[in-house]
Amino acid sequence: MPPVAANPDPIDVHVGSRVRLRRTLLGMSQEKLGDALGLTFQQIQKYERGANRIGSSRLFKLSQILDVPVSFFFDDMPDDVQKANRGLSDTPSEPFEADQLSKRETLELVRAYYKITQPKIRKHMFELIKSIAHSEN
């Protein structure tokens with residue numbers, strides 16, 4: 001077994017944080033996710049910390065279990081990680097604060113939002129929040 005890197009790749013850390021985000025939004029435990037993948041909860045912890053890299057087939061399975069597209073795991077990648085791994089792309093992205101998604105308030109807000117069963121009301125709430133945020137800028 002190869003030794004764990006002292007400094008995990010920032011992309012692995014980001015992907016792991018997105019796994020943790022989606023898992024917690026669904027109210028799923030690490031143990032339950034591990035069972036669905038045939039892994040231990042300790043392995044899920046390593047993935048979520050970015051200590052272990054998630055292979056493409058496992059990432060695909062995670063997307064199915066967590067009911068998100070594979071691209072979800074790469075969404076909202078912090079600007080510094082994108083710049084460091086940009087390759088030939090010159091297109092900058094807007095900065096992102098990853099800590100915002102980990103806050104209890106954010107998780108509770110998202111859970112409450114998805115508990116609204118009527119799509120029209122949920123859409124109105126979404127538009128209201130967006131308009132308030134834009135009016136403050």
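**Entry 1: Charged pairs in helix α8**

I began with Glu127 and Lys130, which both lie in helix α8, 3 residues apart, about one turn of the helix. The model I am reading is a predicted one. Glu127 and Lys130 form a salt bridge, and I noted 3.9 Å between the closest N and O atoms. I then found that Glu127 also forms a salt bridge with Lys123, where the closest N and O atoms are 3.2 Å apart. Lys123 is likewise in helix α8, 4 residues from Glu127, about one turn of the helix.

I looked up the accessibility of each partner. Glu127 has a relative accessible area of 33% and is therefore partly exposed. Lys130 is partly exposed at 33%, and Lys123 is partly exposed at 46%.

I took the count for the whole structure next: it holds 7 salt bridges. One of them joins Glu48 to Arg23, with the closest N and O atoms 2.6 Å apart. This pair links distant parts of the chain, since Glu48 is in helix α3 and Arg23 in helix α1, 25 residues apart.

Are these two partners buried or exposed? Glu48 has a relative accessible area of 3%, so I recorded Glu48 as buried. Arg23 stands at 8% relative accessibility and also counts as buried. The cut-off I applied for buried is under 20% relative accessible area. In general terms, side chains of opposite charge can pair when their charged atoms come close.

Which residues of helix α2 (residues 30-37) are buried? I listed Gln30, Leu33, Gly34 and Leu37. Viewed down the axis of α2, these buried residues fall within an arc of 100 degrees, so they line one face of the helix. On the face of α2 turned away from the buried side I found the exposed residues Glu31, Lys32 and Asp35.

I then asked what covers the buried residues of α2. The cover includes α1 (10-25), α3 (41-49) and α4 (56-65). Just after α2 I noted Gly38, which takes a positive phi of about 75 degrees.

Asp67 is found in the loop between α4 and α5 (79-84).

Asp76 also has its place in the loop between α4 and α5. The phi of Asp76 is near 60 degrees, again a positive value in a residue other than glycine. At 40% relative accessibility, Asp76 counts as partly exposed.

**Entry 2: Aromatic pairs**

How many aromatic pairs does the structure hold? I recorded 2. In the pair of Phe72 and Phe73, the ring centres are 5.6 Å apart and the planes stand at 80 degrees, so the pair is edge-to-face. The other entry is Tyr113 with Tyr114, an aromatic pair that is edge-to-face, at 5.0 Å centre to centre and 85 degrees between the planes.

Phe72 counts as buried at 14% relative accessibility, and Phe73 is buried with a relative accessible area of 0%. Tyr113 is partly exposed, with a relative accessible area of 22%, while Tyr114 is exposed at 58%.

**Entry 3: A nonpolar surface patch**

Which element gives the largest share of the nonpolar patch? Helix α8 (residues 119-136) does, with 5 residues.

I checked one member further. Ile121 lies in helix α8, and at 40% relative accessibility Ile121 counts as partly exposed.

Key:
Residues are numbered from 1 along each chain as its sequence is written. This is a predicted model: local features need pLDDT of at least 70, side-chain atom pairs count only at pLDDT 80 or more; totals for chains, interfaces and linings use all residues. Side-chain values use heavy atoms; hydrogens and water are left out. Helices (H or I, at least four residues) and strands (E, at least two) are DSSP runs, numbered from the N terminus. Buried means under 20% relative accessible area, exposed over 50%, partly exposed in between (1.4 Å probe, protein chains only). The arc is that of the directions from the helix axis to the C-beta atoms. Contact means heavy atoms within 4.5 Å. A salt bridge is a side-chain nitrogen of Lys or Arg within 4 Å of a carboxyl oxygen of Asp or Glu. Rings of Phe, Tyr and Trp (its six-membered ring) pair if their centres lie within 6.5 Å; planes under 30 degrees apart count as stacked, over 60 as edge-to-face and the rest as tilted.
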